[in-house]
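Visitor: I would like to understand how the words used for a protein model are tied to numbers. Could you take me through one?

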Amino acid sequence: MSQLLRAHRLLTEQGWLDDHQLRIEDGVITAIDPIPAGMTARDAELLCPAYIDTHVHGGAGVDVMDDAPDVLDILAMHKAREGVGAFLPTTVTAPLEAIQGTLRRIAQRCQSGGPGAQVMGSYLEGPYFTPQNKGAHPPELFRELDIAELDALIAVSDNTLRVVALAPEKPGALQAIRHLKRRGIRVMLGHSAATYQQTLAAFDAGADGLVHCYNGMTGLHHREPGMVGAGLTDQRAWLELIADGHHVHPGAMRLCCCCAQDRVVLITDAMQAAGMPDGRYTLCGEEVSMQNGVVRTRSGGLAGSTLSLDAAVRNMVEYAGVTAEDAIHMASLHPARLLGVDGQLGSLAPGKRANIIALDGGLHLRQIWIQGQALPL
């Protein structure tokens, strides 16, 4: 089955194309061409690649860790409504048995498919952290790095584990990073008190970047640049960024773009309360409260976000002053490159999967197609 989508402007890796059309056959983009002269109808103001959320814990009232039916289906539909065509359900620090159960459920959903955004695999955030920048993670459940345990988690995930987050100063961290990289898994650094030098050593060992840059790590100081300084200045590092204006000040967002615009990966880090009214929710087994869309622990610390990825893109334009083109790439092309799936996803090009969004001039979502199929919003 063939279909055509026509747009006033269409975004490719190279930039915007005016008045172009995109041909889809069997869920794959087969051609991008100028719209023939005299054809006035358009399907969209802007056609762009669907977003990829590499780091998300929940939303629409469900938590990735919940052992309940339809959790991932509910979350996948919720993500699609914010322009996300593919995502990585992300675990939190919990008893090992709970983590293993979650990895199994994600693997099953990954292989079986289902409605909404596509599940690409899993992201392990915890339990391999240190207490100083724990965030909402319970430090009593932190574990030491063990190669056999990591291999067991990969096996439990049926090789769908895509990202492991860890603190680089932990004993055995460099060995673990090298081992995970040999297994084809991305390694992100966070919830850590690592120094600048320890962070660089982890990048030398193959680590890919920082977990939600600025949050849960040693900050930038002129005599100790810390994890943030290492990430901003090391060209090998991808930087996850929660662009909600609460987790990271707009000035720090601008700094990130000044140093690393081509390495920013917008994430939501969203939890159960995303898309829900203010009230009480849970994260990492603890009660948290949301007021005016901001979620905090009982002690007042930030506890995940309620950000949507389409809002993150708009925020980067408004707060950080980047172009719409660059902000969209941060939510599509960059995460695809981080995960090594940019041959299939992340931009509009012949041969790539037809995960596409239609946006209006204000970058608000108007339609989403996943593998060429339009989803109701």
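Visitor: What makes you say that helix H8 lies across S5 and S8, and at about how many degrees does H8 run to S5?

Guide: Helix H8 (residues 309-320) lies across strands S5 and S8 and runs at about 105° to S5. Helices (H or I, at least four residues) and strands (E, at least two) are DSSP runs numbered from the N terminus, while an angle, from 0 to 180 degrees, is taken between N-to-C directions of axes fitted to C-alpha atoms, for helices over the stretch in contact. Contact here means heavy atoms within 4.5 Å.

This is a predicted model, in which local features need pLDDT of at least 70 and side-chain atom pairs count only at pLDDT 80 or more, whereas totals for chains, interfaces and linings use all residues. Residues are numbered from 1 along each chain as its sequence is written, and side-chain values use heavy atoms, with hydrogens and water left out.

Visitor: How do you know that S8 and S9 pair?

Guide: Two strands pair if DSSP finds at least two bridges between them; strand S8 (residues 84-89) and S9 have 2 bridges, in the parallel sense, so by that rule they pair.

Visitor: Why are S5 and S9 said to stand at the edges of their sheet?

Guide: The open, parallel sheet has 3 strands in the order S5-S8-S9. Strands S5 (51-56) and S9 (118-119) each have a single partner strand, so one side of each is left without a neighbour in the sheet.

Visitor: What is called the largest nonpolar core, and which element gives the most to it?

Guide: A nonpolar core is a set of buried Ala, Val, Leu, Ile, Met, Phe, Trp, Tyr and Cys residues joined through side-chain atoms within 4.5 Å, where buried means under 20% relative accessible area with a 1.4 Å probe and protein chains only. The largest has 118 residues, and those with the most contacts inside it include Tyr51, Leu266 and Met316. Helix H8 gives the most to this core, with 6 residues.

Visitor: What makes a space count as a cavity, and how many of 30 Å³ or more are there?

Guide: On a 1 Å grid over the protein atoms alone, a cavity is a set of points where a 1.4 Å probe fits but cannot get out, and its lining residues have an atom within 4 Å of a point. The structure holds 1 cavity of 30 Å³ or more, and about 60 Å³ of space lies in the largest cavity; that volume is the space filled by probe spheres set on the points, which are joined across faces, edges and corners. Among the lining residues are Tyr51, Ala86 and Arg353.

Notes:
Buried means under 20% relative accessible area, exposed over 50%, partly exposed in between (1.4 Å probe, protein chains only). On a 1 Å grid over the protein atoms alone, a cavity is a set of points where a 1.4 Å probe fits but cannot get out, and a pocket is an open set with protein on both sides within 12 Å along at least five of seven lines; lining residues have an atom within 4 Å of a point.
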